[in-house]
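Hi,

Here's the structure I promised to pass on. Have a look at it first, and then I'll go through what turned up.

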Amino acid sequence: MVQGTYYTLGNPSYAPLLLLHGGGGNAETMFQHIRGYADNFYVVAPNIPHNLTTISDVVVGLRALLGNLNITRANVVGMSFGAMLAQMYIRRFMDTVHNLVITHTMIPSQHMSEPIQMRVGMLTMYPEPLLLWMSKRSYFNDLPATTTPASPEKIAFWRAYFDELYSEQMTKRQIIARTKLTANYHVEYEFTGRDLKGWEGQLLIIESEHDQAINEGDRGSLKGMYSKSYVQTLYGYDHFAPLFATNEMIESITNFLHRFSAQEHDTP
């Protein structure tokens, strides 16, 4: 039996919002977003259990979680790795998704298959202390170089946060599990433009102009796959936008979800 942890915040009478975290952190890492959406939605923010081995297992688990909370239909917001899960979730449980927001992500891509499988193999070879140290070092180096506007105090806060996360919470097993799920996504799946045929919801894509994790070609493929989606480009920003452009993103996502919720209610 797989057991996972999750956060809920907001009035249970509000419209539900399933918030899926990125691969470098956990649900707690999204605390600013959880608080921000809770003013208008009933937020459910799960941690992805590290003992799930396939994307299919993850999305079935997410559906079970919502079912246990008596939620039959929700808005889904996924960021980076979480947006990969969100894209798989809607394909499996389309009728349970009201509207969808995906940020800083990509569709399954063949060019990623071999590199990500090689990465899984390499990670298994590293001793746990070295792997955790390398993970922390990447944040220490990348955060100060962000192109997303951020004060020195915010950069210092997030460096300290990831230092603690990878020193006291994350494990080698968790890092490898996330990487294996990403590999499963790219190796086993292929999306088509017919996948969401019949879905009546609306989709918002948020991207950063200088996303160092998702290249321009993959961002183009994402927008091409969802050609009828709404797109917001954060010009000058990078992959750290969900951490540093939090207020801007929360406002955009909230306005988007409210806009189409209102239209649905106004329809005779």
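How many residues does helix H7 have, and what distance does it reach from its first C-alpha to its last? H7 covers residues 172-188, which makes 17 residues, and it reaches 24 Å, close to the 24 Å expected at 1.5 Å a residue. Bear in mind throughout that this is a predicted model.

While we're on H7: the helix is mostly covered, with 13 of its 17 residues buried. Arg173 sits in this helix too, but it is exposed, because its relative accessible area is 53% and the cut-off for exposed is over 50%. Setting aside sequence neighbours within four places, Arg173 is in contact with His50 and Asn51.

On one pairing, S4 (residues 74-79) runs parallel to S5 and is joined to it by five bridges, with Gly78 having Ile102 as its bridge partner in S5. To get from S4 to S5 the chain passes through helix H3 (residues 81-92), and this β-α-β crossover is right-handed. S5 also pairs with S6 (residues 203-208), in the parallel sense and over four bridges. Ile102 turns up again here, with Ile205 as its bridge partner in S6. Carry on along the sheet and S6 pairs with S7, again in the parallel sense, over five bridges; Glu207 stands opposite Thr233 in S7.

A few side chains may be worth a click:

- Thr96 is in the loop between H3 and S5. Its relative accessibility is 11%, so it counts as buried, the cut-off being under 20%. A polar atom of its side chain lies 2.8 Å from the backbone oxygen of Phe93. Beyond its neighbours within four places in sequence, Thr96 is in contact with Arg63, Thr72, Arg73, Ala74 and Tyr89. One of these, Thr72, is 24 residues away in sequence and 6.0 Å away in space, C-alpha to C-alpha.
- Ser229 is in the loop between helix H8 (216-225) and S7. At 16% relative accessibility, it counts as buried. A polar atom of the Ser229 side chain lies 2.7 Å from the backbone oxygen of Tyr226. Not counting residues up to four places away in sequence, Ser229 touches Leu203 and Ile205, and Ile205 is the bridge partner of Ile102 mentioned above.
- Ser135 belongs to helix H5 (residues 128-142) and is buried, with a relative accessible area of 13%. Leaving out neighbours within four places in sequence, its contacts are Tyr166 and Ile175.

Last, the backbone. Which way does phi usually go? Most residues other than glycine have a negative phi. Asn70 has a positive phi of about 60° although it is not a glycine. Asn70 lies in the loop between H2 and S4 and is exposed, at 69% relative accessible area. Ser80 also has a positive phi of about 60° without being a glycine, and its place is the loop between S4 and H3.

That's what I have for now.

Cheers

Conventions: Residues are numbered from 1 along each chain as its sequence is written. This is a predicted model: local features need pLDDT of at least 70, side-chain atom pairs count only at pLDDT 80 or more; totals for chains, interfaces and linings use all residues. Side-chain values use heavy atoms; hydrogens and water are left out. Helices (H or I, at least four residues) and strands (E, at least two) are DSSP runs, numbered from the N terminus. The expected span of a helix is 1.5 Å times one less than its number of residues. Buried means under 20% relative accessible area, exposed over 50%, partly exposed in between (1.4 Å probe, protein chains only). Two strands pair if DSSP finds at least two bridges between them. A crossover is right-handed if, with the strands pointing away from the viewer, the path from the first strand over the helix to the second runs clockwise. Contact means heavy atoms within 4.5 Å. A polar contact is a pair of N or O atoms within 3.5 Å; within protein, one must be able to donate a hydrogen and the other to accept it, and residues adjacent in sequence count only if both atoms are side-chain atoms.
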